[in-house]
Structures are given as structure tokens and as C-alpha cells.
Amino acid sequence: MDDHLAADEPPSPIDLSIETAAAPGQAWATLTDPALVATWFTDASPVRRVGDAYRLDFGDGSVVEGIVMELDPVRRLAYTWSWVGAEAHEETLVMWTVEEREKGGSAIRLVHDGWAEAGLDASARDDHAGYWAGYLEDLAAVLAEVG
């Protein structure tokens, strides 16, 4: 019976984090400057203001569009995430947080949530989690070069 209940639970948020010797300002730039985002993730539009459109182009016809929902420079960025061509309700939320560590450097946290609200199941969540884990490894490697 427990297995049945677990299968009916809504997908949990993806919650991943890395630590880097890079200063918070450098970590932030690597998350938001399109030229730097391209070194570890994909082609991205600039992040300017809350309410602006945000676009990620993976170059193979896979495009994510969203809206910047929260922007606290050098600390927090949140944007909606919707694959172009997906149903309108299939929109989730990606949130990045950068915190200065006591011993120097930065802690970067990614939370990708809203799976149940978007009508998406654990399979969609798990697919994204696998990709995000790889992208965060790439982010850590890029920041290790500058940190």
C-alpha cells in the first residue's frame, strides 16, 4: 500500500546546489550574463527586469520561454519555464539563489518546482533533474576556472 501512496504523491521540487570558490558576483555573472551562460548551459537572453521575457535556446529546436518573476541582483533569480510547443499550462518555475559562504566563495542553489501545478508527472521531473545535475557540474567546472 505504501508504494501506491508514493506513486500518487505530487513530484517533489528539483533542489540542487553547488559550492564554489568563486565570489558571489562572479557566480551571479555566470548565471545571468548570456556569454557566460553559454559556457556551461545554453544560449540565453539577457536578464534585465522582472516581467521581461526570458529565452533559452538549446540549438536543436528545443527552446524554453519564460518570464523573469524575481530579480535580486547577485542574490536571486526566478523565471518561468515552458518548452515552446508544450501545452500552455505546462509551465514550471526555476529559482536560482547565490549566497556568500562564511569561508569565502559562493553557494549556488537551483530549485525547479511547479510540476504538479503544470500537470506534469514524476517522469518529466526526473528527466529535468538528470539534465540539471549535469548542467550544475558544468557550472561548477566553469566557476572553478575563475574562482
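Which residues line the largest cavity? In this predicted model, local features need pLDDT of at least 70 and side-chain atom pairs count only at pLDDT 80 or more, while totals for chains, interfaces and linings use all residues. Residues are numbered from 1 along each chain as its sequence is written, and side-chain values use heavy atoms, with hydrogens and water left out.

The largest cavity is lined by Leu31, Val37, Trp40, Phe41, Tyr54, Tyr79 and Trp96. A cavity is a set of points, on a 1 Å grid over the protein atoms alone, where a 1.4 Å probe fits but cannot get out; a pocket is an open set with protein on both sides within 12 Å along at least five of seven lines, and lining residues have an atom within 4 Å of a point. The structure contains one cavity of 30 Å³ or more, and the space in the largest cavity is about 40 Å³. Volumes are the space filled by probe spheres set on the points, which are joined across faces, edges and corners.

The largest pocket holds about 210 Å³ of space. Its lining includes Phe41, Phe58, Asp60, Trp81, Trp83 and Asp127. Helix 4 (122-146) and strand 5 (76-83) each contribute at least two lining residues, with helix 4 giving the largest share, five residues. Helices (H or I, at least four residues) and strands (E, at least two) are DSSP runs, numbered from the N terminus.
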